[in-house]
Protein chains: 2
Amino acid sequence: MKPRPPSPAWPRQVTVLAGGVGGAKGADGVYRLLPPHTLTVIVNTGDDFEHMGLPISPDLDTVMYTLAGIQHPEQGWGLAGDTFHALEMLGRYGAPTWFRLGDKDLATHILRRHWLDRGMTLTQVTDRLRRALGVQARLLPMSDDPVRTVVMTDEGELPFQEYFVHRGARPRVRAIRFRGIEMARPTPEVLSALDAAQVIIFAPSNPYLSLDPILALPGVRERLRRRREQVVAISPIIGGQAVKGPAAKLMQEFGLPASALTVARHYREIVGGFLLDTRDAALAPEIEALDMRVTVVDTWMRSPEDKVRVARAALRTAGWMV
Amino acid sequence: MKPRPPSPAWPRQVTVLAGGVGGAKGADGVYRLLPPHTLTVIVNTGDDFEHMGLPISPDLDTVMYTLAGIQHPEQGWGLAGDTFHALEMLGRYGAPTWFRLGDKDLATHILRRHWLDRGMTLTQVTDRLRRALGVQARLLPMSDDPVRTVVMTDEGELPFQEYFVHRGARPRVRAIRFRGIEMARPTPEVLSALDAAQVIIFAPSNPYLSLDPILALPGVRERLRRRREQVVAISPIIGGQAVKGPAAKLMQEFGLPASALTVARHYREIVGGFLLDTRDAALAPEIEALDMRVTVVDTWMRSPEDKVRVARAALRTAGWMV
């Protein structure tokens, strides 16, 4: 595959497909690198669930808090400096406390619930929340219809948060299902964000749990296949390990090598560019053999500068000399 | 009216009619004085309202937190040592913050909402919450049907919390309405708590805003009239002033003297005993002329000992030598 000639101007519209922490980092790099309104993030909602009557959208919130600069710096969810006094009281009432809802975080869920009950869509609620927090990028839930990721494990079928948070992703996974996906539709905003984007970036999110739900929505995969040249994936696997979360463990449980090559193969029909970590440089020829442009770069994002470096490499892989 | 001979034993069942802070103090005195299961509190729900989708029951919560010993020691609502981080975040999202919802307090409203949505009655929800907090007295909302106190003021019609909290009870009141009262029924638990009680105590709550909603429920006033000898009211007016809240101001706005005598007249048909503060001792003959037994005592409750002293005086006024 021949590299396209670099474009002289910055892209006007970049769409990032994102899950949780990896998704937030991938989106944040683009957000910091380009004019902020350039960015649209399509976010997985398969992890969403109802908890004590509150609609929790963990991936939307992680991306939103990260772009707003108020995310917790280490734990991968929630807000910096949040407290847990409501949770403590919920525990006193005998309510479950394994899902760690912070006090400030609760405000998000209370308003989401309130606004959904008043007839707003999740897309409208998300837009109102992110604007209030000063986020200038558009955040789009992948769908306004409920999709619920369910994990088939050797201990039975588990709702995603039960598997991921309550059980610490320890049960052995046999299959993953997205309940409701047959009835769900991507929103018009999602489809137009895919159509209008000059570059589409797959954030380094879990392929099976975070991005597959988005890709499983009708029309999404077809659109990406047509735009394959403009689609770049950032590997969530570095040196055979997931930076965070169970991606590598899942690969082993599925009988696949825990490797960036497995990620590239997973996306081969819809991704034309691949960001490979320097620790995995030896895999470049095999990934290039999948008809992908490969950029080898340090993809581990610990600082804002790291995120911007990775975003720049992704955009360059798509042919933009940002 | 001839005093009845004192009973040798303690009453097995005492029912207190209560509103907010005065109600909580009145109930707490009985709770501390007698075996805790002796007490049933019937609580005003006219102040209840929905705030950001959460069902708030201020009087129920004030009584519950007080009997649990976790109420805020000064402010008259909320929990001791509570924080306001969720509220701060709600404000950041542009939501109203005039109703000061603490973080721990939010847990109560979140669970109330959740359990109501799952089909529990307010009576059942309240029972579950108070048990979890270790409260051994029964707390009964006056009704499971919605009753909403509306205040007609010279600035127009205001929902109760709008008048009381948001506007600081400053607008001049012309009339008070209990919206929904025609359709509301006292619960079977409330009726049986009135029927079974050996003593019924009116806590020193606002007669117009806190106790009148309870008294306006069908069947309540009739029951009290029949039991008048066993009903004792604690004056919420001391020296022409309300200890807390707008009771005295309302009397003036209604063209009535701001006085304990006005309270006694208000209750004359249904109350046979009256606790008058020492500062108002001169009113005793006029109240006795209403066919009430009057006990003059220091009714100002600042300490647990004060509450117990007042409760004992109320029970003695009803003929129990506790």
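**Strand β5 of chain B**

In this predicted model, strand β5 of chain B, residues 138–141, is covered on both of its faces. B:R138 and B:L140 lie on one side, B:L139 and B:P141 lie on the other, and all four of these residues are buried. In a regular strand the side chains alternate between the two faces of the sheet.

The partner of β5(B) described here is strand β2 of chain B, residues 39–43, which runs parallel to β5(B) and is joined to it by four bridges. Within this pairing, B:T40 stands opposite B:R138, and B:R138 is one of the buried residues of β5(B).

**The contact between chains A and B**

The contact between the two chains draws 24 residues from chain B and 24 residues from chain A. On the side of chain B that touches chain A, the elements giving two or more residues are α3 (85–92), α4 (103–117) and α5 (122–132), and of these α4(B) gives the most, with nine residues. Sorted by class, this side of chain B has 13 nonpolar, five polar and six charged residues.

**How the two copies are related**

Two copies of a chain are related by a rotation about an axis and a shift along it.

Note on methods. Residues numbered from 1 in each chain as written. Chains lettered and ligands numbered in written order. Predicted model: local features only at pLDDT ≥ 70, side-chain atom pairs only at ≥ 80, totals over all residues. Contact = placed C-beta atoms within 7 Å. Nonpolar A, V, L, I, M, F, W, Y, C, P; charged D, E, K, R; others polar. Buried ≥ 20, exposed ≤ 12 C-beta atoms within 10 Å, placed from the backbone. Pairing = 2+ DSSP bridges.
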